[in-house]
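Student: I have a chain open on my screen and would like to go through it with you, a bit at a time. Can we take the side chains as they come?

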Amino acid sequence: MSGPVARGRQLERTALSWQRTALSASVVALFLLREGLTRGAVLIACAGLCVVALAMLAAVAARTGRPACRRPLVLAGAALVAAAGILTVAQVLAGP
């Protein structure tokens, strides 16, 4: 299948994948924030805030129609994932 029909479906699939990313990032953010706030783990709570920002970026990317507009969002999302990972590892190494 080629032509405009295939291209339209491709954009729809991409938007749906961004929506799934936003939903899963929201769930992870809730778990991280709850864990950080109940245990007093500041770094875990900060990691949760990074994932909240990632969820918001994914929601914006899902609504953006042009792929060229998504590239900066993908780079920002990668930076947020890296920051959340570094904060989580730092909290684990720091101990309770």
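Student: Is Glu-12 buried, partly exposed or exposed?

Tutor: This is a predicted model, and in it Glu-12 counts as partly exposed because its relative accessibility is 42%.

Student: And which side chain does Glu-12 meet in a salt bridge?

Tutor: The side chain of Glu-12 meets that of Arg-9, with a distance of 3.4 Å from N to O. Both residues lie in helix H1, which covers residues 4–39, and they are three residues apart, about one turn of the helix. Arg-9 is likewise classed as partly exposed, since its relative accessibility is 49%.

Student: How many salt bridges does the count come to?

Tutor: The count comes to two salt bridges.

Student: Changing topic, which residues form the nonpolar patch on the surface?

Tutor: The patch is formed by Leu-23, Val-27 and Phe-31, which together have about 310 Å² of accessible area. Phe-31 lies in helix H1, and it counts as exposed because its relative accessibility is 51%.

Student: Now the cysteines: how many disulfides does the count come to?

Tutor: The count comes to zero disulfides. Cys-46 is in no disulfide, the nearest cysteine sulfur being that of Cys-50, 7.2 Å away.

Student: Why is the sulfur of Cys-50 too far from that of Cys-46 for a bond?

Tutor: A disulfide needs the two cysteine sulfur atoms to be within 2.5 Å, and the sulfur of Cys-50 is 7.2 Å from that of Cys-46, so the two are too far apart for a bond.

Student: Are those two cysteines buried, partly exposed or exposed?

Tutor: Cys-46 is partly exposed, because its relative accessible area is 31%, whereas Cys-50 counts as buried, because its relative accessibility is 15%.

Student: What about Val-51, where is it found, and what is it in contact with?

Tutor: Val-51 is found in helix H2, and it counts as buried because its relative accessibility is 9%. Leaving aside neighbours within four places in sequence, Val-51 is in contact with Ala-25, Val-28, Ala-29, Leu-32 and Ala-84. Val-51 and Ala-25 are 26 residues apart in sequence, and their C-alpha atoms are 6.1 Å apart in space.

Student: And Gln-91, buried or exposed?

Tutor: Gln-91 counts as buried, because its relative accessibility is 13%. It lies in helix H3, residues 67–94, and, again leaving aside neighbours within four places in sequence, Gln-91 is in contact with Ala-41, Val-42, Leu-43 and Ile-44.

Technical notes:
Residues numbered from 1 in each chain as written. Predicted model: local features only at pLDDT ≥ 70, side-chain atom pairs only at ≥ 80, totals over all residues. Heavy atoms only, no water. Salt bridge = Lys/Arg side-chain N within 4 Å of Asp/Glu carboxyl O. Helix = DSSP H or I, 4+ residues; strand = E, 2+ residues; numbered from the N terminus. Buried < 20%, exposed > 50% of the residue type's maximum accessible area, 1.4 Å probe, protein only. Patch = residues over 30% accessible without salt bridge, like charges linked within 9 Å, V, L, I, M, F, W, Y side chains within 5 Å. Areas by Shrake-Rupley, 256 points an atom, 1.4 Å probe, with all protein chains shown as cover. Contact = heavy atoms within 4.5 Å.
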